[in-house]
Amino acid sequence: MPVELLGKSADELREYVASLGERPFRAAQLYHAMYAERHFDFAGITNIPAILRERLAQEARITPPRVGKRFASVDGSIRYLFSIGDTAREEGPKLAQIESVFMPRDGRQTICISTQAGCAVDCHFCLTAQLGLIRNLTPGEIVGQVLVALEENRGQLAPQTNVVLMGQGEPLLNYDATMAAVRILLDPRGVGLGPRHITLSTSGIVPGIERLGHEKIRPSLAISLNASSNEQRNALMPINRKYPLEVLFEACRKYPLRPREYFTFEYVLLGRLNDTPEDARRVVRLVANMRAKVNLIPWNPGNLPYRAPTAESIDEFQRILVEKGVPTFVRYSRGQDVFAACGQLALMETPSPFVALQ
């Protein structure tokens, strides 16, 4: 069975190349070709001898996620429906579908990627949670989403690329594969993204947060808060019963932030549920004496029993936090018309009049 190379680290590629009787610099060429130049076909890696390319074509493969459909938003975002895995292989990851979103804007592009097919955390306001957990993604399936989005939009790329691990899944419940992909994304010899340009969002998996704090190379950390009390968060995010707010914030306070590094707390505003002035004041108390900022995310419509906040409640919530010295920003999600916004990734077929690009 062919060896899958996408997702392998530089060290793993050196081991593989050595098993073929080749010198280590061939591994460096392969690594650069896959991740920096985005070659998915050995025939295009022309600085490798033809005889080695032919052998690799027989014994190995580079398998990026396959684009099933593209949904183009009026704001320029593209939601990708990817197929991953291979039913023809008896061993290895099973066939599944995942989603990613490419969002160009103001001299940069942001790519929102998935780390699991589906999600087991069951946040009640999130459509992705309705899928349940299908399976974890491999490092190649994670990093491959970025590579495909960049390659498909090669002609319009801006100088800066941001990656947010905020698609399907809980990254810290697929820790090893997620971090293997992050290291490739941050490696100057690999995809070459800047350390401040990758953000991992977690629902609050405390052991994963503690483990991440000890990583030499790591993304920025965002905590999906979404509630101002344990009672409220238990109802919205069942994971809070395992890691309640006091345990979560104790882990955050012990987290070794680097110079100029901030925690980001994401707070999805649900109309008449968690968007009151009392909620805002409780959030102020939660983040007191922390190097933190808060992103307020108005709930994006979906087939769930919640409602979007009013403009007045958004403004009041933000005002209360800012007046207490908490940097607070309102983040309106992009791609809502193609179900690409935060909390909307649920493998939906997009109804007319939205555009499906085959």
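Predicted model: local features only at pLDDT ≥ 70, side-chain atom pairs only at ≥ 80, totals over all residues.

Reader: Why are α1 and α2 called oblique to each other?

Author: Helices (H or I, at least four residues) are DSSP runs, numbered from the N terminus. The axes of α1 (residues 10–19) and α2 (residues 24–35) cross at roughly 130 degrees and come within 8 Å. Axes are lines fitted to C-alpha atoms, for helices over the stretch in contact, and angles run from 0 to 180 degrees between N-to-C directions. Under 35 degrees counts as roughly parallel, over 145 as roughly antiparallel, 65 to 115 as roughly perpendicular, and the rest as oblique. The α1 and α2 pair is therefore oblique.

Reader: What makes the contact between α1 and α2?

Author: A10, L13, R14 and V17 in α1 meet P24, R26, A27, L30, Y31 and M34 in α2. Contact means heavy atoms within 4.5 Å. The residues of this contact divide into 8 nonpolar, no polar and 2 charged. Ala, Val, Leu, Ile, Met, Phe, Trp, Tyr, Cys and Pro count as nonpolar, Asp, Glu, Lys and Arg as charged, and the others, Gly among them, as polar.

Reader: Why are α9 and α10 called roughly parallel?

Author: The axes of α9 (residues 277–286) and α10 (residues 311–323) cross at roughly 30 degrees. The two helices are therefore roughly parallel. P277, D279, A280, R281, V283 and V284 of α9 touch E316, F317, I320 and L321 of α10. That contact has 7 nonpolar, no polar and 3 charged residues.

Reader: How do you know that the length of α4 agrees with its residue count?

Author: At 1.5 Å a residue, the 14 residues of α4 (residues 139–152) should span 20 Å, and the end C-alpha atoms are 20 Å apart, so the two agree. The expected span is 1.5 Å times one less than the number of residues.

Reader: What makes α4 largely enclosed by the rest of the structure?

Author: Buried means under 20% relative accessible area (exposed is over 50%, partly exposed in between; 1.4 Å probe, protein chains only). In α4, 11 of the 14 residues are buried, so the helix is largely enclosed. Among them are I142, V146 and L150.

Reader: Which helices do the buried residues of α2 pack against?

Author: They pack against α1, α3 (50–59), α4 and α5 (175–186). The buried residues of α2 include Q29, A33 and Y35.

Note on methods. Residues numbered from 1 in each chain as written. Heavy atoms only, no water.
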